[in-house]
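Have the viewer open and try each task before reading on.

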Amino acid sequence: STSHLEHSETQHSRIVFAFLDSKMHRHYQPTAPASNRYLQQKWDQDKYQKHRTKEDRLAIIARDNQILSFKLVDIMRSNGTVENWNNYVSKSLNAEKRHRQSVQITQENQAIFHRITQCKSQYKSGRLNEEWERVKRVQNDIARYPRGTKAEQKTRKKVHFGGIGVAKNGEAARCGEDGGIQEMLTTG
């Protein structure tokens, strides 16, 4: 009964608005009593325009829904298969040239790699390692705090004998009155 009432109201409003549309250019006669006919006419026109835009929008939505439902029915009927397969295999006119260039670049890269791997170093690694060990020893000797693990620190402990400190690694240092190292003496 609610839908019946909505349907009858919609039908009644269509009749009233159709009447208003056909008679608006002439003399306006409001359907309900009004104290100001001009103001009532503007209100009715505004209602009519809102109603028309709403009806138009609903008609567009209904049409789009119908189109979509037809498309869904077609998809369900065809089991979703694609009917427009394109079996064209794309071919490049420049493919052979690009292939030749890539082969040439690969060969050049392999030749460069071979030359690099066959080349001998001009630096003597033994001399570099000895120099690095000497630098580390000097750094450890002048460090304020001990470096390395506890085992490494024990091997470098210095024993003081009357102003000369002797390390376990064979180096000697002359200590000042305050206990600081004044000069390193290398034995051997």
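## Exercise 1: Charged pairs

A search over the whole structure turns up three salt bridges, each a side-chain nitrogen of Lys or Arg within 4 Å of a carboxyl oxygen of Asp or Glu. Before you start, note that this is a predicted model, in which local features need pLDDT of at least 70, side-chain atom pairs count only at pLDDT 80 or more, and totals for chains, interfaces and linings use all residues. Residues are numbered from 1 along each chain as its sequence is written, and side-chain values use heavy atoms, with hydrogens and water left out.

**Task.** Find the partner of D46, and work out how the two are placed in the helix.

**Solution.** 
- Step 1: The partner of D46 is K50, with the closest N and O atoms 3.6 Å apart.
- Step 2: D46 and K50 lie four residues apart in helix α2, so about one helical turn separates them. Helices here are DSSP runs of H or I with at least four residues, strands are runs of E with at least two, and both are numbered from the N terminus.
- Step 3: D46 is partly exposed, at a relative accessible area of 41%, whereas K50 is exposed at 54%. The cut-offs are under 20% for buried and over 50% for exposed, with partly exposed in between (1.4 Å probe, protein chains only).

**Solution.** 
- Step 1: D74 meets R77 in a salt bridge of 3.6 Å, N to O.
- Step 2: Three residues apart in helix α2, D74 and R77 are also separated by about one helical turn.
- Step 3: D74 is partly exposed at 42% relative accessibility, while R77 is exposed at 63%.
- Step 4: R63 pairs with D64, again at 3.6 Å from N to O. R63 is partly exposed, with a relative accessible area of 47%, and D64 is partly exposed at 35%.

As a reminder, side chains of opposite charge can pair when their charged atoms come close.

## Exercise 2: Helix α2 from end to end

**Solution.** 

**Task.** What is found at the start of α2, just after it, and among its buried residues?

**Solution.** 
- Step 1: At the start, a side-chain oxygen of N36 comes within 3.2 Å of the backbone nitrogen of Y38.
- Step 2: Just after the helix, N79 has a positive phi of about 60 degrees.
- Step 3: The buried residues of α2 are Q40, Q41, D44, Y48 and H51.

## Exercise 3: The whole chain

**Task.** Describe the order of elements, the burial and the confidence of the chain.

**Solution.** 
- Step 1: The chain has five helices and four strands, in the order α-α-α-α-α-β-β-β-β.
- Step 2: Of its 188 residues, 10% count as buried.
- Step 3: Mean pLDDT (the predictor's confidence in each residue, from 0 to 100) is 76, and 64% of the residues score at least 70.
- Step 4: Confidence is highest in helix α3 (residues 95-118), at 95, and lowest in strand β4 (residues 181-185), at a mean of 46.

How values were computed. Polar contact = N/O pair within 3.5 Å; in protein donor to acceptor, adjacent residues only side chain to side chain.
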